[in-house]
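Morning, everyone. Let me put today's model on the screen and walk you through it.

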Amino acid sequence: PRDVYAVAGYLLVANLLLLYALPATAVVPRSIVGLPLLFFVPGYILIAALFPARETTARLDGSYSTSDRPAQTDSQGLAWRERLALSFGSSVALLPLLGLMISLIGLDYNAATIVSTTSVMCVLGLIPAVVYRSREPPTTRFHVPVGGWIATVKNGVFRQDSRTAAVNVVIAVLVVASVVGVGYAMVVPNNAESFTAVSLLTTNEQGELVAADYPEAINESGAELTLELENAE
């Protein structure tokens, strides 16, 4: 399973760069390296473990043939298109579980913790992915169809009518823009407007501080008020 080994190599390189090589101020390089670690790799490993076979299409005579194109009849396994889509969706679904695990362990939410725990989860998932893929017969075992991708681009995009090709290009641009926007929002700090709030409060019957029931007159013994400052500079 060369794709699984490639993912393992990426995990090693990503950990070295994010934990040791790239400083915290290098926002763009860290985003390029780190976003696939959150939004693609965990789901890809999960899908690789659950579906070790490639797509097989049933012929009319009852036999099966492997295919990189979507099946028109009964099929087993997943094609690469479905794998890519499910990898993104599964990764997003796994992120809350990762956050819950970090919270239960009692670790701090920082870059090192997120990178380490995500990598450990991915490495644990690599083991069944490699085992199940290796057990699959070579005729039905999934492999990355690089040649099929090139043919799909040539036959599925450039040979279509102009309207269909334009729609495909627009969809691709929107997907890339969405991923970049989410990544930018995650890694760039929110430079919101700073402020300082000042409040003069009183204590009600329940002992809570409220901005109400101010005394209309203060005698020589004085009155007790609370001055609250909220600094968000």
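Among contacts in the protein between residues at least 6 apart in sequence, what percentage join residues at least 24 apart? The figure is 62%. Contact here means heavy atoms within 4.5 Å.

Some ground rules. This is a predicted model, where local features need pLDDT of at least 70, side-chain atom pairs count only at pLDDT 80 or more, and totals for chains, interfaces and linings use all residues. Residues are numbered from 1 along each chain as its sequence is written, and side-chain values use heavy atoms, with hydrogens and water left out.

Now the layout. The protein has 7 helices and 6 strands. Those are DSSP runs, numbered from the N terminus: helices are H or I with at least four residues, strands are E with at least two. Along the sequence the pattern reads α-α-α-β-β-β-α-α-α-α-β-β-β.

Next, burial. Of the 233 residues, 25% are buried. Buried means under 20% relative accessible area, exposed over 50%, partly exposed in between, with a 1.4 Å probe and protein chains only. The protein exposes about 15600 Å². Carbon and sulfur atoms supply 64% of that area. The areas come from the Shrake-Rupley method with a 1.4 Å probe; for residues, only the protein chains shown count as cover.

On to the salt bridge. The structure holds 1. The term covers a side-chain nitrogen of Lys or Arg within 4 Å of a carboxyl oxygen of Asp or Glu. Here the side chains are those of Arg-133 and Asp-3, at 2.9 Å, N to O. Arg-133 sits in helix H5 (residues 111-135) and Asp-3 in helix H1 (residues 2-21), so the pair ties together parts 130 residues apart in sequence. Both Arg-133 and Asp-3 are buried.

Stay with H1 and look at Val-7, which is in that helix. Buried or exposed? Val-7 counts as buried, because its relative accessibility is 10%. Leaving aside residues up to four places away in sequence, Val-7 touches Val-41, Tyr-44, Ile-45 and Leu-126. Take Ile-45: 38 residues from Val-7 along the chain, with 8.2 Å between their C-alpha atoms.

Last stop, the strands. Strand S4 (residues 196-203) pairs with S6 in the antiparallel sense, over 6 bridges. Two strands pair if DSSP finds at least two bridges between them. How many of the 6 residues of S6 (residues 226-231) are buried? The number is 0, so S6 lies largely in the open.
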